[in-house]
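Reader: I would like a close look at one part of this model, the ligand site. Please keep it brisk and give the cut-offs as you go.

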Amino acid sequence: MSSLLIDNIGLLVTNEPALGDGMLGVLRDAALVIENGLVAEVRSRGRRSARSAAADRGIDTGGRCVIPGFVDSHTHLVFAGDRAEEFAARMAGEPYAAGGIRATVASTQAAATEELRRLTELRRREALRAGITHLEIKSGYALEVEGERRLCQVGSELTEDVTFLGAHLLPTEYEHRADEYVELVCGAMLEACAPHVRWTDVFCERGAFDGDQSRAVLEAGREAGLGLRVHANQLSRGPGVQLAVELGAASADHCTHLAKTDVSALAGSGTVATLLPASDFSTRQPYPDARTLLDAGATVALATNCNPGSSYTTSMSFCIALAVREMGMSLEEALMAATRGGARALREDDRGRLAPGARGDAVILGAPSYAHLVYRPGVPLIAATILGGEVAFTDAELGL
Ligand code: NIG
């Protein structure tokens, strides 16, 4: 058995209201024991228990704040090349257009598999440094059968939550033949990718796939036994959110341009509204109205959407800061959305919370409270990332 005691925690966020105060279930002067990768004990102000005395390793956090690891439920991590010039042009006034995806398709297709693997692993390391203990990875930068299969395979080496996104954009060679491409996505491409993935997704948007095409992609994925996710209402209002809810998708992602009927559909459903504020920052879109969604009763997740076009960041702290400053979320709601919310969007009940039986995935902040994630924007505050009870990253400067 392997066990880790995290002791002398000033503020412990469990995300279990039954274990502590408020919606985050906060404990003060707490300790956490992780055994064989799972949370075994959560304690506040008590004497040392037999379990903590028996732990074979210990970390004294010196009164710091410990939170559940961030769960990033929307990334496009497997790609080559960057689009810094496109970003610079956007900052100079050019609008964001989905067509930029084709530039990344070209550089990704040109990269050898080993290189793609190396680049994706580097980004996974970067995410660990940002406190992300679990993430989802989408394909979508190949748009042909073997290329999409390759991206799904590389993703599956790093996470079990891989999403097939062959319907990311219409490749140029299928111009005016969208229905033929959709047939390919629903047929040979899905068949090649399905063994590597848990989810299927579609970019339902003007300039990408319309409502009927998106429905066909999602229904084919469901038929193949995959869970559903939808890029919905990112650049304009459209049928994406309604389709996601109607088909029982786990998540409708972006939700930047919502009609009232979209809000009520999400609120009355099991579909999580996954908000991606770093993309709205980088594409100069308005921010999604998280307040209205939460007040209506919708479940909200925050994710980084790390990709080279619309959101080249792995910083969940940045997303939390935007959500609090610009989207009407409280600190507690934003932290919940970036942890438990992400887990809900992936239908993973044992992640995003620190309660007995859940995964031992935690972040030790170099700060006494989670408020510092927003109070000190842009400052690296992740002192350590714990993955299944093992130290996956420590920041020597924040010295534990
Ligand atoms: O979620 N909108 C579609 N896909 C990505 C952007 C991809 C890109 O621009 O390369 C997104 O924002």
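Where does the ligand sit?

Author: The ligand sits in the largest cavity. A cavity is a set of points, on a 1 Å grid over the protein atoms alone, where a 1.4 Å probe fits but cannot get out; its lining residues have an atom within 4 Å of a point.

A word on the basis. This is a predicted model, where local features need pLDDT of at least 70 and side-chain atom pairs count only at pLDDT 80 or more, while totals for chains, interfaces and linings use all residues. Residues are numbered from 1 along each chain as its sequence is written, and side-chain values use heavy atoms, with hydrogens and water left out.

Now the cavity itself. Its volume is about 100 Å³. Volume here is the space filled by probe spheres set on the points, with grid points joined across faces, edges and corners. The largest cavity has a lining of 15 residues. His76, Tyr96, His168, Asn307 and Ser310 lie nearest its centre. By class, this lining holds four nonpolar, 10 polar and one charged residues. Nonpolar covers Ala, Val, Leu, Ile, Met, Phe, Trp, Tyr, Cys and Pro; charged covers Asp, Glu, Lys and Arg; the others, Gly among them, count as polar.

Next, the ligand's surroundings. There are 15 residues around the ligand, each with a heavy atom within 4 Å of it. Arg83, Tyr96, Tyr141, Gln234 and Ser310 come nearest. This shell has four nonpolar, 10 polar and one charged residues.

The protein covers 100% of the 330 Å² of accessible area that the ligand has on its own, by the Shrake-Rupley method with a 1.4 Å probe.

The whole structure has two cavities of 30 Å³ or more.

Definitions and conventions
On a 1 Å grid over the protein atoms alone, a cavity is a set of points where a 1.4 Å probe fits but cannot get out, and a pocket is an open set with protein on both sides within 12 Å along at least five of seven lines; lining residues have an atom within 4 Å of a point. A molecule sits in a cavity or pocket if more than half of its atoms lie within 2 Å of its grid points.
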